[in-house]
Every structure is written in C-alpha cells, then in structure tokens.
Amino acid sequence: MDSQKSHVTSMPFFCNICEFPHDLSRDWSYFEKFEMCQECATSLVEARQEDWKNGWRPSQEQIDTYINKRMCLIRQYRGHNA
Ligand SMILES: [Zn+2]
C-alpha cells in the first residue's frame, strides 16, 4: 500500500465542477492538484494558484458564470441548425 501518496487516489468519472467526463491522461495532473478537470482548472484556478494554496476557492457565482460560458461554446460547436 502506498500511504505516502496524496489523499487523491482516484479520479471520479465526472468532473466535480463542470460534470463533464474526465479524460484520464489529460485531466489527471489537474485533478490531483485542484480536484477538477483541466478545463475548469485553467479557467477558474490557474491564474490564482497562489490564492488557491492559501485556501481561496472559486465562488459559486464564478463557477456558474464559467459553466454558462462553457455551455454556450459547446452549443455553438454542436451545430448551428439546432
Ligand atoms: Zn471540469
């Protein structure tokens, strides 16, 4: 047993923030640090890593704004005739 490892031992199938499925190879290093996928980490946390270390977390409002933006993008990608 490797008890020296961080408390994060496995990544859930879906991201805690955006609820999209994780991509193991792409998201793991972000999940290990921030417990969210790469997309969320880059958008919400990466610019504020120092704050994150000091205990800052994105507010629900920031998360909602980010999710809304992301949903709009995805809808655009999925087709213009929807
Ligand atoms: Zn995410």
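**Zinc site and salt bridges at a glance**

Lys-53 and Glu-50 are both exposed (over 50% relative accessible area; buried is under 20%, partly exposed in between, with a 1.4 Å probe and protein chains only). Their side chains form a salt bridge, 3.2 Å from N to O (a Lys or Arg side-chain nitrogen within 4 Å of an Asp or Glu carboxyl oxygen). Keep in mind that this is a predicted model, where local features need pLDDT of at least 70, side-chain atom pairs count only at pLDDT 80 or more, and totals for chains, interfaces and linings use all residues. Residues are numbered from 1 along each chain as its sequence is written, and side-chain values use heavy atoms, with hydrogens and water left out.

**Salt bridges**

- The whole structure has 3 salt bridges.
- Lys-53 and Glu-50 sit about one helical turn apart, because they are 3 residues apart in helix α3 (residues 49–53); helices here are DSSP runs of H or I, at least four residues, numbered from the N terminus.
- Another bridge joins the side chains of Arg-48 and Asp-51, at 2.9 Å from N to O.
- Arg-48 is partly exposed at 31% relative accessibility, and Asp-51 is partly exposed at 30%.
- Arg-26 and Asp-27 also pair up through their side chains, 3.0 Å from N to O.
- In that pair, Arg-26 is partly exposed at 36%, while Asp-27 is buried at 0%.
- As a general point, oppositely charged side chains can pair when their charged atoms come close.

**Around Asp-27**

- You'll find Asp-27 in helix α1, which spans residues 24–34.
- Its side chain also reaches the backbone nitrogen of Gln-38, at 3.0 Å; a polar contact is a pair of N or O atoms within 3.5 Å, and within protein one must be able to donate a hydrogen and the other to accept it, with residues adjacent in sequence counting only if both atoms are side-chain atoms.
- Setting aside neighbours within four places in sequence, Asp-27 touches Met-11, Pro-21, His-22, Met-36, Cys-37 and Gln-38 (contact means heavy atoms within 4.5 Å).

**The zinc site**

- Cys-37, one of those contacts of Asp-27, coordinates the zinc ion through SG, along with the SG atoms of Cys-15, Cys-18 and Cys-40, at 2.2 to 2.4 Å.
- Donors are N, O and S atoms within 2.8 Å of the metal (3.2 Å for Na, K and Ca), and water is not among the atoms, so sites may look incomplete.
- The site is tetrahedral, with angles of 105 to 118° among its 4 donor atoms (four donors qualify if all angles lie between 85 and 135 degrees).
- Along the chain, the zinc donors are spaced as C-x2-C-x18-C-x2-C.
- Cys-37 is buried at 3% relative accessibility, and Cys-40 is buried at 0%.

Note on methods: Tetrahedral: all angles 85-135°; square planar, octahedral: opposite > 155°, others 65-115°. Helix = DSSP H or I, 4+ residues; strand = E, 2+ residues; numbered from the N terminus.
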